[in-house]
Amino acid sequence: MPRNRRFIQLDVFSAKPLLGNPLAVVVDGAGLDDATMQAFARWTNLSETTFLLPPTSAAADYRVRIFTPHQELPFAGHPSVGSAYAAIESGLVSPHQRQLQQECAAGLLPVRVEGSGSGRIIHVQAPPAGLQTVAAQQRARLGWAMHAELAESQLRLVDNGPRWFVCNLHEEAAVRQLQPDLAAIGALCVAAGAVGVSVFGRQRSGEASMAVRAFCPADGTPEDPVTGSANAAIMAFLAEVGDPAGYGLRYRASQGREVGRDGCVEVVRDATDGSISIGGACAVVIRGELQLD
């Protein structure tokens, strides 16, 4: 007899269904092999699909594996936030725990839980980021793809599990109006081993202070609706390059309006140790069972 495995599909970085970034979560992932996990992630055709597993570390509350339709990732933001929410919703961890430890390929990551039920907010600490300057030729190619001339200080390659080209476009209008050459971005990302290009600019009205977009055409996602790891990478960029716009150690980012969503990401950098966390709400849209065996 096939084994029934619990399944949740939820929207991440939005308290309202259909406005965030969808995530498929296989709650009972134990026993599935790598090929089946990858095949299922390809079948869901979402930007990421996760599988919850028993932890291998005594310090962890649960373990998660994260797959795009094309590859496994060591860390990603919206899958980490959504998987923690799903672990609580499905009873893998107590709803009364305020501090959790998530085990993933990037290591053990602290998770902080605020509120309960539909008001629950999940904050996940991102892995430490490494930053590289971008060679002039690469910078020129990316500028051509984005129809903009980019100064050295506007661009970094940030590695916080996935690798992101992070680009400061300064103002919200430049971010919202951007129509990049996705084929050129995809080729550049493949050559650099990057998952995508993230751009940001100052938002001067509304609840958010930053507008963000993320393009991942090489990984099958022309534009990601709301992206946790990219937002964490942007904060790492600001910490190293400087923050003349005055975003500070805590701000709210808006992402997804250009693809019909309205996601909100809370981004925090600890003043003492420099650790960066991303957080947001979730909304369960589908509950069901899978028969993959």
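**Figure 1. Ile 276 in strand β17.** In this predicted model, Ile 276 belongs to strand β17, which covers residues 276-291. Its relative accessibility is 10%, below the 20% limit, so Ile 276 counts as buried. Take a look at the neighbours: beyond residues up to four places away in sequence, Ile 276 touches Val 124, Gln 125 and Ala 126, then Ala 232, Met 235 and Ala 236, and also Val 267, Val 268 and Arg 269. Leu 249 is a further landmark for this view, 27 residues from Ile 276 in sequence and 9.2 Å from it in space, C-alpha to C-alpha.

Figure 2. The domain assignment divides the protein chain into domain 1 (4-125 + 280-291) and domain 2 (130-274). Their C-alpha centres are 24 Å apart. Where the two meet, 19 residues of domain 1 are in contact with 20 residues of domain 2.

**Figure 3. The largest nonpolar core.** This core has 55 residues, and those with the most contacts inside it are Ile 122, Phe 200, Met 210 and Tyr 251. Helix α6 (residues 228-241) supplies the largest share, eight residues. Because domain 1 and domain 2 both give residues to this core, it lies between them.

**Figure 4. Arg 202, buried without a salt bridge.** Arg 202 sits in strand β12 (residues 196-202). What does a buried arginine do when it has no salt bridge? Here, the side chain of Arg 202 reaches the backbone oxygen of Ser 209 at 3.1 Å. The nearest side chain of opposite charge belongs to Asp 243, 6.8 Å away, whereas a salt bridge would need a distance within 4 Å. Leaving out residues up to four places away in sequence, Arg 202 touches His 170, Glu 171 and Glu 172, along with Ser 209, Ala 245, Gly 246 and Tyr 247.

Figure 5. Leu 18, in the loop between β1 (4-12) and β2 (21-26), has a positive phi of about 80°. Leu 18 is exposed, with a relative accessible area of 63%. Asn 45, in the loop between α1 (34-44) and β3 (49-53), has a positive phi of about 60°. At 59% relative accessibility, Asn 45 also counts as exposed.

How values were computed
Residues numbered from 1 in each chain as written. Predicted model: local features only at pLDDT ≥ 70, side-chain atom pairs only at ≥ 80, totals over all residues. Heavy atoms only, no water. Core = buried A, V, L, I, M, F, W, Y, C linked by side-chain atoms within 4.5 Å. Buried < 20%, exposed > 50% of the residue type's maximum accessible area, 1.4 Å probe, protein only. Helix = DSSP H or I, 4+ residues; strand = E, 2+ residues; numbered from the N terminus. Domains from an automatic or database assignment. Contact = heavy atoms within 4.5 Å. Lys, Arg positive; Asp, Glu negative; His and termini not counted. Polar contact = N/O pair within 3.5 Å; in protein donor to acceptor, adjacent residues only side chain to side chain.
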